[in-house]
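Keep the sequence and the 3D view open while you read.

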Amino acid sequence: MSVDRARVERLTRELLEAIGEDPDRPGLKQTPTRMGDLYAEFFAGVGEDPAAPLAHTISVARGPAPHTLPSGAVLLRDIRFRSVCEHHLLPFAGRAHIAYLPGEQVVGLGALVRVVEILATRPQVQERLGEQIADTIAEHLDTRGVLVVLDASHGCVTMRGGRQPEASTLTIAARGEYTDPIARAELIALIGAPSAGHA
């Protein structure tokens with residue numbers, strides 16, 4: 001289901017009028033159109049299947065590198081994401097870190113990024129977003145364990161209420177072998193270690 005841009009534009013005009021503004025004044029004249037475009041981008045994941053990017057897998061035993069069966073986790077760090085909190089429709093943004101223990105099938109790393117993008121581009125709360133990413137990977141990829149760590153800054157915390165501009169929220173979702181705190185401790189340490197790009 002795609003975003004109804006024309007309806008968003010009409011509702012934006014109404015919203016501007018409701019706060020006492022004139023939607024036809026020069027500074028606001030294009031705002032309804034901009035909001036239609038913005039919402040189409042922010043909510044592009046509504047109705048999209050987050051498991052679709054995981055459909056194309058690569059056989060480890062019969063793939064391009066058959067002698068490199070991973071003995072440990074595949075960890076993809078620092079996936080930048082942004083979403084919209086469903087409570088106040090304010091943005092939250094941060095980084096996702098995904099690890100999984102592969103079985104015989106692995107997936108291209110870009111597919112993991114797409115899972116995050118699809119699930120983030122819909123009205124969300126961070127806690128559910130991490131759980132949905134973990135569930136999607138655990139259910140649709142040959143894996144013995146999944147760990148998803150999200151670290152994000154929320155507009156509803158930084159811009160309103162307590163107004164804490166430095167505050168961030170960390171959530172952890174674990175499946176399979178990574179439900180054991182000892183098993184995931186090494187990964188948590190690796191997520192916090194300097195990356196090759198920051199060495």
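How many bridges join β3 to strand β6, and do these strands run parallel or antiparallel? There are 11 bridges between β3 and strand β6 (residues 143–154), and the two run antiparallel. Before going on, a word on ground rules: this is a predicted model, where local features need pLDDT of at least 70 and side-chain atom pairs count only at pLDDT 80 or more, while totals for chains, interfaces and linings use all residues. Residues are numbered from 1 along each chain as its sequence is written, and side-chain values use heavy atoms, with hydrogens and water left out.

**The whole chain**

The chain has six helices and seven strands. Helices (H or I, at least four residues) and strands (E, at least two) are DSSP runs, numbered from the N terminus. The C-alpha trace spans about 65 × 35 × 30 Å along its principal axes. Of the 199 residues, 38% are buried; buried means under 20% relative accessible area, exposed over 50%, and partly exposed in between, with a 1.4 Å probe and protein chains only. Contacts here mean heavy atoms within 4.5 Å. Among contacts with a separation of 6 or more, 68% link residues 24 or more positions apart.

**The sheet**

Five strands make an open sheet in the order β5-β2-β3-β6-β7, with mixed pairing. β5 (123–124) and β7 (169–176) sit at the edges with a single partner strand each, so one side of each has no neighbour in the sheet. Two strands count as paired if DSSP finds at least two bridges between them. Strands of a sheet pair through backbone hydrogen bonds, either parallel or antiparallel.

| Strands | Bridges | Direction | Opposite residues |
|---|---|---|---|
| β2 and β5 | two | parallel | Val 84 and Pro 123 |
| β2 and β3 | nine | antiparallel | Ser 83 and Phe 92 |
| β3 and β6 | 11 | antiparallel | Arg 95 and Asp 151 |

Helix α3 (residues 109–120) packs on this sheet and touches β2, β3 (91–102) and β5. Its direction makes about 20 degrees with that of β2; axes are lines fitted to C-alpha atoms, for helices over the stretch in contact, and angles run from 0 to 180 degrees between N-to-C directions.

Why is β3 described as largely enclosed by the rest of the structure? Because nine of the 12 residues of β3 are buried. His 154 has a relative accessible area of 11%, so it counts as buried. Leaving out residues up to four places away in sequence, His 154 touches Pro 91, Phe 92, Gln 126 and Thr 169.

Most residues other than glycine have a negative phi, and most peptide bonds are trans. Asp 78 isn't a glycine, yet it has a positive phi of about 60 degrees. You'll find Asp 78 in strand β2, and it is partly exposed at 29% relative accessible area. Leu 89 isn't a glycine either, and it has a positive phi of about 55 degrees. Leu 89 is in the turn of the hairpin formed by β2 and β3, which have five residues between them. At 46% relative accessibility, Leu 89 is partly exposed.

**A proline in a loop**

Now look for Pro 53, in the loop between α2 (31–42) and β1 (57–59). Not counting residues up to four places away in sequence, Pro 53 touches Val 107, Ala 111, Arg 114, Val 115 and Ile 118. Pro 53 and Leu 101 are 48 residues apart in sequence and 18 Å apart in space, C-alpha to C-alpha.

**The largest pocket**

The largest pocket has a volume of about 300 Å³. Of the 12 residues that line it, the closest to its centre are Val 3, Asp 4, Val 8, Tyr 39 and Phe 43. A pocket is an open set of points on a 1 Å grid over the protein atoms alone, where a 1.4 Å probe fits, with protein on both sides within 12 Å along at least five of seven lines; lining residues have an atom within 4 Å of a point. Grid points are joined across faces, edges and corners, and the volume is the space filled by probe spheres set on the points.

Helix α1 (residues 5–18) gives the largest share of the lining, three residues. The lining of the largest pocket divides into nine nonpolar, one polar and two charged residues. Ala, Val, Leu, Ile, Met, Phe, Trp, Tyr, Cys and Pro count as nonpolar, Asp, Glu, Lys and Arg as charged, and the others, Gly among them, as polar.
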